[in-house]
Amino acid sequence: MNDDRPVLLETRGTCLHLTLNRPRALNALSHTMVRLLDEALSRAELDESIGSVLLSGAGDRGLCAGGDIRALHDDARASGRASLEFWRDEYRLNARIARFPKPYVALMDGIVMGGGVGVSAHSGIRVVTERSRVAMPETAIGFVPDVGGTRLLASAPGELGAHLALTGRSVGAADAVLCGLADHHVPTHLLPALIEALGEPAGQDASVAGIVQRFATEPPAGELAAQRDWIDSCYAADSVEEILRQLRGSGVPEAEAAADELLTKSPLALKVTLAAVRRAARLDSLEAVLDQEFRVSSRAFEHPDFVEGVRARIIDKDNQPQWKPGSLAEVDDQEVARFFAPLGPGEQELGLAPGPTHTPVDEGQAG
């Protein structure tokens, strides 16, 4: 009989194996799953018999495609608040994973997007495979990268993070490692043996990192390393408009394609995303970034672009979103700055970092 629990827990040796178990939904995270993961990690942290944690996804399509977008969409349409409580708990889980005191191995096999990045890319040992596709694709649905993604992308070499944040493109194993989203490549066919080795009592005296390293191989060649020149040059600009001008004027076909891609995204989401990544680079901790992202997500949730983006991309699939405003020129700096302002009366900040996380927008960096 199939086990329909959304998160499966199995202890093998000293390894606690957590499996996201919604394969038909590409293991999309629900609020229940976030709570179950947090509870499991809380217990594992205190349990002296647990030496490490392993995270994987059920099925063969991916670790996790992100949060349950349809549920978030329906909540936004109904002017609900459940999504904010989901994000509050999800972001706290992301911070817990990053600070988890025992080895935490994330198997980032297949599709790993949005919330899937949040439960994996903050861990200490991140494994990708030849079929991994890692992305923060939020701008396509009128949203902004979250789950600590703006910190991860801000830390990528050069302007690779700005490129991935704005376009929402997915990357394979080599590029995930290059961008600091993953550590090791293990071929898919070796994953069962890796999982078994992590749970073997005989391997308890070996370091978890050493066990993973035994199975690691060179990943298939990536694409981004060869594109660094035009990416670093074009995305260094201070505004989305200037980035587009640089992409158009570069004479590089791949840059032209990136410009075409940007013009399909929410203009407001693009400007807020650029500001969010630039601001994340100036914040001193993941907790401070998550506090900032909670403000941004709260504001994006209220904006009609989110509902419209999900409708066009996921529900109706007509790929014809009607963004408001409809052009970059109509998005002013004050509107962008509003996404980063402290939450108003009756709204509760995430409050993970001590002290204020509101940083002023540098001139020209509002988007």
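Author: What follows goes from confidence to the sheet and then to one helix.

Reader: What is the mean pLDDT of the chain?

Author: This is a predicted model, in which local features need pLDDT of at least 70 and side-chain atom pairs count only at pLDDT 80 or more, while totals for chains, interfaces and linings use all residues. Residues are numbered from 1 along each chain as its sequence is written, and side-chain values use heavy atoms, with hydrogens and water left out. The mean pLDDT (the predictor's confidence in each residue, from 0 to 100) is 94, and 95% of the residues reach 70 or more. Over residues 359–367, however, the pLDDT is below 50, although that stretch has 25 contacts (heavy atoms within 4.5 Å) beyond near neighbours in sequence.

Reader: OK, the sheet: in what order do the six strands come?

Author: The order is 1-2-3-5-7-9 in an open sheet with mixed pairing, where strands are DSSP runs of E with at least two residues, helices are runs of H or I with at least four, and both are numbered from the N terminus. Two strands count as paired if DSSP finds at least two bridges between them. Strand 1 (7–12) and strand 9 (184–185) are the edges, each pairing on one side only.

Reader: And which strands does strand 5 pair with?

Author: Strand 5 pairs in the parallel sense with strand 3 (residues 52–57) over three bridges, and likewise in the parallel sense with strand 7 (residues 125–128) over four bridges. Val-105 is the bridge partner of Leu-54 and also stands opposite Ile-125 in strand 7.

Reader: Why is strand 5 largely enclosed?

Author: Five of its five residues are buried (under 20% relative accessible area, with a 1.4 Å probe and protein chains only), so strand 5 is largely enclosed by the rest of the structure. Tyr-104, Ala-106 and Met-108 lie on one side, with Val-105 and Leu-107 on the other.

Reader: Switching topic, how far apart are the end C-alpha atoms of helix 3?

Author: They are 26 Å apart, which agrees with the 26 Å that its 18 residues (82–99) should span at 1.5 Å a residue, because the expected span is 1.5 Å times one less than the number of residues.

Reader: Which elements do its buried residues pack against?

Author: The buried residues of helix 3, among them Phe-86, Trp-87 and Tyr-91, pack against helix 1 (31–46), helix 2 (69–77), strand 5 (104–108), helix 4 (115–118) and helix 14 (286–302).

Note on methods:
Buried < 20%, exposed > 50% of the residue type's maximum accessible area, 1.4 Å probe, protein only.
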